[in-house]
Amino acid sequence: MTTSHDTDERLIEKGRKLFAQSWRFTHASPSIESLPPMGSLEVAFAGRSNVGKSSLINALTGQNALARTSHTPGRTQELIFFEGPEHAPLRLVDMPGYGYAAAAKTKVASWTELIHKFLLGRASLARVYVLIDARHGLKEVDQEILKTLDRSAVSYQLVLTKADQIKPAELASRIAETEAALAKHPAAFPQVLATSSRSGTGMPELRAAMVRLLEERST
């Protein structure tokens, strides 16, 4: 008999193998018109500026320089696409950071429009991982993006970043309060994942979640 533990171990191992291979940057799209053709299943990463999206992508793939990290919030103004080995059935998409107050309003508006159009018109987009800083939890600007995802009917899951920077009891409380908040959001996956790009915490589980998604979509 196959148990859930066996399934989890299988998915974790498949995830490890998938992300142990070489990943590469393929496209940077500043507009909907410049998006690459739809093909492989896509998972996107969204989050406030400086939440650690690039660091997470680098930790997932084990390639420290794959996604460019910056200490300047709001630098990524395009949809950045990464692909794995040839014939791999998955693409990663780094979405522009949101909520950077110092950016010009016109720039924020153009980012917002790009994100909205991408969410509404991308049939190959299987899930959005919304990154939340574990030290601060959900903010009002995060709630706005969750509402946008609900309206777009795009499946999404919340991922806490920088989990190594708070105490275990505080992290457990943050996970519980975040999962409680998700009960109001119909498109949200109910489980919250806690990760740390620095220590590697949660990366096997996040890779496994993507493998599970691939298997569900292929049946």
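Strand 5, helix 4 and strand 6 form a right-handed β-α-β unit, right-handed meaning that, with the strands pointing away from the viewer, the path from the first strand over the helix to the second runs clockwise. Helices (H or I, at least four residues) and strands (E, at least two) are DSSP runs numbered from the N terminus. The model is predicted, with local features needing pLDDT of at least 70 and side-chain atom pairs counting only at pLDDT 80 or more, while totals for chains, interfaces and linings use all residues. Residues are numbered from 1 along each chain as its sequence is written, and side-chain values use heavy atoms, leaving out hydrogens and water.

Strand 5 (residues 125-133) runs parallel to strand 6, joined by 6 bridges; pairing requires at least two bridges found by DSSP. Y156 of strand 6 is the bridge partner of V128. Strand 6 also pairs with strand 7 in the parallel sense, over 2 bridges, and here V159 is partnered by L193. Between these two strands the chain passes through helix 5, and this β-α-β crossover is right-handed.

Strand 6 itself is well covered, with 6 of its 6 residues buried (under 20% relative accessible area with a 1.4 Å probe, protein chains only; exposed is over 50%, and partly exposed in between). Y156, L158 and L160 point one way, and Q157, V159 and T161 the other.

Turning to helix 5, its buried residues are L171, R174, T178, A181 and L182. Viewed down the axis, they fall within an arc of 100°, so they line one face of the helix; the arc is that of the directions from the helix axis to the C-beta atoms. The face turned away from this buried side carries the exposed A169 and A180.
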